[in-house]
Amino acid sequence: MDWQNIDTVLLDMDGTLLDLHFDTFFWLEHLPVRYAELHSIDREEATRWLHERIMQEQGTLNWYCLDYWSRELNVDIKALKTEIRERIAFRPHVHDFLEHLKGEGVRRVIVTNAHRDSLTLKLEETGLDQLVDRIISSHDYQVAKEHQGFWHRLQEEEPFDPARTLLVDDSLAVLGSAQEYGIAYLLSIIQPDSEKPGREITDFNAIEHFDEIIKK
C-alpha cells in the first residue's frame with residue numbers, strides 16, 4: 001500500500017470487515033431448513049430449489065435485497081436472520097486497522113451491498129458504525145456495486161479522488177467494477193468465510209488479515 005498517496009479507504013462489510021460465514025450459513029443452511037418447515041416440504045427439495053432460484057439474481061440488487069426475497073419466498077427473511085444473529089462476527093484485526101486509519105487521518109467509508117435491514121442487524125450486534133466515518137448501502141442508490149452507476153452516485157454524495165482511494169472488497173466482480181471506474185488501489189480478501197478454505201486470487205492484490213497492511 002502506497003499509504004502516503006491514500007486519503008480515503010472504501011471498505012466492504014460482509015466478507016471484508018465481518019466474517020462471511022454468517023451469510024453463508026444463513027443462505028445455505030438455516031434458510032433451507034426454516035423454509036422447508038414453514039412450507040411443509042422436503043429439506044433437500046427446498047435446498048435445491050432455493051439455490052437455483054437465488055442464483056438467478058446473482059450480480060443484481062435483488063440478490064442482496066431482503067424485501068425481494070421475503071416476497072419471493074413468502075418468509076420473513078429479517079426475522080429468520082435474527083434467529084442466528086449470534087453468528088455475526090468481526091474478521092481478525094478489524095478494530096486495530098480502523099483505529100489506525102483514524103489516527104492517521106484517513107477517511108473510512110463502508111460501501112456495502114447489504115440491505116438496510118441486514119445492515120441494521122449487524123450494526124446492532126457489532127457497533128461497527130461507531131468505528132467508521134460513514135456507511136453507504138447500494139440500496140440507497142438502487143444499483144449494486146458491480147455496476148458503474150454505483151460509483152458515479154457515490155462520487156456525488158461522498159466526493160473522493162479515485163487516484164487517492166483504496167477499496168477493500170472480497171468480491172472480485174466489485175473490484176473489477178471499481179477498477180473500471182478508476183479507483184487506483186484495490187485489495188481483496190483471501191478467506192472471506194472463516195469456515196471455508198482461502199482462495200487463490202491472481203487478478204488483484206489480496207491479504208489474509210488486516211494486520212498485514214496496518215500503516216508502519
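Author: A residue is called buried here when its relative accessible area is under 20%. With that cut-off, in this predicted model, helix α6, which spans residues 116-126, has Ser118, Leu119, Leu121, Lys122, Leu123 and Thr126 as buried residues. These buried residues of α6 pack against the helices α1, α3 (66-73) and α4 (77-82), and also against the strand β3 (134-137). Just after α6 comes Gly127, which takes a positive phi of about 70 degrees.

One of the partners of α6 is α1, and this helix deserves a look of its own. Two packed helices are described by the angle between their axes and the distance between the axes. For α1 (residues 21-39) and α2 (residues 43-55), the axes come within 9 Å and cross at roughly 120 degrees, and the two helices are therefore oblique to each other. The crossing in which α1 passes α2 is right-handed. On the side of α1 the contact is made by Trp27, Leu31, Pro32, Val33, Tyr35 and Ala36, while α2 contributes Arg43, Ala46, Thr47, Trp49, Leu50 and Ile54. Sorted by class, this contact has 10 nonpolar residues, one polar and one charged.

Helix α1 also holds His21, whose relative accessible area is 17%, so that His21 is buried. Its side chain is joined to that of Asp193 by a polar contact of 3.4 Å. Leaving aside neighbours within four places in sequence, His21 is in contact with Arg87, Asp193, Ser194 and Glu195.

Note on methods
Residues numbered from 1 in each chain as written. Predicted model: local features only at pLDDT ≥ 70, side-chain atom pairs only at ≥ 80, totals over all residues. Heavy atoms only, no water. Axes fitted to C-alpha atoms, helices over the stretch in contact; angles between N-to-C directions. Helix = DSSP H or I, 4+ residues; strand = E, 2+ residues; numbered from the N terminus. Parallel < 35°, antiparallel > 145°, perpendicular 65-115°, else oblique. Left-handed = near helix turned anticlockwise from the far one by under 90°. Contact = heavy atoms within 4.5 Å. Nonpolar A, V, L, I, M, F, W, Y, C, P; charged D, E, K, R; others polar. Buried < 20%, exposed > 50% of the residue type's maximum accessible area, 1.4 Å probe, protein only. Polar contact = N/O pair within 3.5 Å; in protein donor to acceptor, adjacent residues only side chain to side chain.
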